[in-house]
Amino acid sequence: MVCEMLPTLTPLEEGKGEQYLLEVKGLKKYFPLTRGFWRRAVGYVRAVDNVSFFIREGETLGLVGESGCGKTTLGRCILRLIEPTAGEVWFKNQKGERLEITKMTPKELKNVRKEMRMIFQDPFSSLNPRLTVMEIVGEPMEIHGLARGKEVEERVRVLLEMVGLKAQHMRRYPYEFSGGQRQRICIARALASNPRFIIADEPVSALDVSVQAQILNLLEDLKEQFHLTYLFISHDLSVVQHVSDRVAVMYLGKLVEIGDTELVYFSPRHPYTEALLSAIPRVNPKSKMQRILLKGDVPSPLNVPSGCAFHPRCRYAKEVCTREEPILQGVGDGRYVACHFATELALKGVEADVCG
Amino acid sequence: MFVGNVPLVQIRGLRTYFYTDDGVVRAVDGVDLAIHPGKVLGIIGETGSGKTVLALSIMRLVQPPGRVVEGNILYAQGNGKQIDLALLDPKGRAIREIRGKHISMIFQEPMVSLNPLYTIGEQIVENILVHQKVTPKEARDIAIHMLERVGIPEPEKRIDDYPHSLSGGMRQRAMIAMALVCQPRLLIADEPTTALDVTVQAQILELLKDLQRQMGMAIMIITHNLGVIAEIADFVGVMYLGKIMEYATVVELFENPLHPYTKDLFRSIPYCVRRKNKKRLEVIKGDIPDPYAKVEGCLYASRCSWASKKCLEDPPSIERDTGHMVRCWLYV
């Protein structure tokens, strides 16, 4: 059933031959729901459903959405930590060659993964407790044959200092560090193989406010220093606003809006984006803005509503929304929106300075 | 119900220490606070600041090796008498009368605090039967009515669901229903929205505000999210390493923060600003000190950019006009 669904290409390719660092076309990940002894598939969870976007070299793309919308699955499919069901992922490597990741052999994949790394959410479970910091950070160098013996130690020392840790702590184990320090170890490990592209999956969600600021600044500094490109996945809208050049909003496995951060936050075009932004708590006790309260929960990705997946909770929904699924279309200002009324609705963005 | 300024709960010099093999952890170290009837008190603090232990101390739910070693928790009972919760036996009859009926609590992670082996109905009904003289049938009706009030659709059906079949937001609603079913006079909410998405967080905050208005109860809400505090609180206490560093009304605190820690905290969170106004986040240097270490003088001195020699001594708590309290040498 799945094989029949060929990737449909969306108008994201009108980039006039611009060479993107990463280009995702019609990416899908369907998890089969099996039942019985023969593990017959009785349905599919469409975790990522026909997602297309690109990331320019040196930019940070923020990916936001509620839990269960598929943002983590999308991030992992790009690196093929989870095999995507369909779609293409094009990556431009160091030599400037465009490579298709989903069709790579394991050997090719290992080679390209040197340049694409991931930072995970929970610095407590993503570090092996039985390895020292030296081993954790040095491992990628050895795997990719970048350094050997004494050289590894020297490079680990440099990396640790770069991420703000003391080099003399490299013989310690992860449990001896605080949450913020562990996240720094994760970042050092990600940097160990000289990557050009980093997927940061909720890198600051498990941290305290004061530590969060340290890590965000560190990521920003490293980006400058190493000319990195980030895909920054988070559910925290103010954090994403702070770090991203462009933002993609995801709902039930699909992108509903993608565009310049400023445009998306201050003049959203999709009703879901509007509702999401209005839910950010305001750091001003005097602010009296009316909040758009979404009714109910996110529908189960097992039974995605007909037509536009957001229509049961959308306050602008019309009859056509229940029937026809809107496609992600350009609305002019470099932005793509999946809504029938993207150009008609006057939606409200965030108020500057009050949302945090 | 109350006349004048009699606080519902008056906390004086409360200390809760944990006596572990590695040393003494002073989780709550001399806290003075008042919770007023019908008002919302917010407590802001980071991990390890002792905010949860403060809440558990009021409920007398602190487990050994921790215990309340000093101080009073004066609770004004409905009949005009005050009772010191700190003196009660944590397993005794008197506190069990109050806990769950007069003062109840909701926790951060509803999946952990609901029993997975019982339906939510059974868990709510249990609470009603313990505290109220009703038949099981009546208790079930009360439970259904309460589930309806917290916005759970089809409560007659949902009441027989197990916690795992509810979503995170619905579970938190069920928790709130359970906490409020005996019409408590104080609700302690420990990070009630931290595990939830922003959209669901907004729903839960609205719900808490609504129910608070209808029932006229007091709320003590604990969170690390400044936005949540700004949304719901009337008074705010900023907690750091077991002490209240600053206390003021919410408007006063957000417009005129005094303590260096509060100021640093406000500066370190990202705000939604226009790109041209975008600035680098200001960072509080260092980490929270080790809980076992006995810090001399001001607790924040090691991270404070205003620190001076004076800060080696413990700063007094200064009360400025309009009840704005701050514990810092800068304002002496």
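Good morning. In this predicted model, domain 1 and domain 2 of chain B bury about 670 Å² between them, and 63% of that area lies on carbon and sulfur atoms. On the side of domain 1 of chain B, 55% of the area buried against domain 2 comes from Gly100(B), Lys101(B) and Leu196(B), more than from any other three residues.

The domains themselves are laid out as follows. Domain 1 of chain B covers 1-102, 186-199 and 217-296, while domain 2 covers 110-183. Their centres, taken over C-alpha atoms, are 27 Å apart. Each domain gives nine residues to the contact.

What polar pairing joins these domains? There are two residue pairs in polar contact between domain 1 and domain 2 of chain B, and zero salt bridges. The side of domain 1 that touches domain 2 holds four nonpolar, one polar and four charged residues.

I turn now to the interface of the two chains. Chain A and chain B bury about 4000 Å² between them, with 53% of it on carbon and sulfur atoms. Chain A brings 49 residues to this contact and chain B brings 43.

Three salt bridges cross the interface of chain A and chain B. In a salt bridge, the side chain of Arg275(B) meets that of Asp260(A) at 3.1 Å, N to O. The interface of the chains also has 16 residue pairs in polar contact.

Which helix supplies the largest share of the side of chain A that touches chain B? That helix is H6(A), with nine residues. By class, this side of chain A has 19 nonpolar, 16 polar and 14 charged residues. Thank you.

Key. Residues are numbered from 1 along each chain as its sequence is written. Chains are lettered from A and ligands numbered from 1 in the order in which they are written. This is a predicted model: local features need pLDDT of at least 70, side-chain atom pairs count only at pLDDT 80 or more; totals for chains, interfaces and linings use all residues. Side-chain values use heavy atoms; hydrogens and water are left out. Domain bounds come from an automatic or database domain assignment. Contact means heavy atoms within 4.5 Å. Buried area is the accessible area (1.4 Å probe) that two parts lose on being put together, summed over both. A salt bridge is a side-chain nitrogen of Lys or Arg within 4 Å of a carboxyl oxygen of Asp or Glu. A polar contact is a pair of N or O atoms within 3.5 Å; within protein, one must be able to donate a hydrogen and the other to accept it, and residues adjacent in sequence count only if both atoms are side-chain atoms. Ala, Val, Leu, Ile, Met, Phe, Trp, Tyr, Cys and Pro count as nonpolar, Asp, Glu, Lys and Arg as charged, and the others, Gly among them, as polar. Helices (H or I, at least four residues) and strands (E, at least two) are DSSP runs, numbered from the N terminus.
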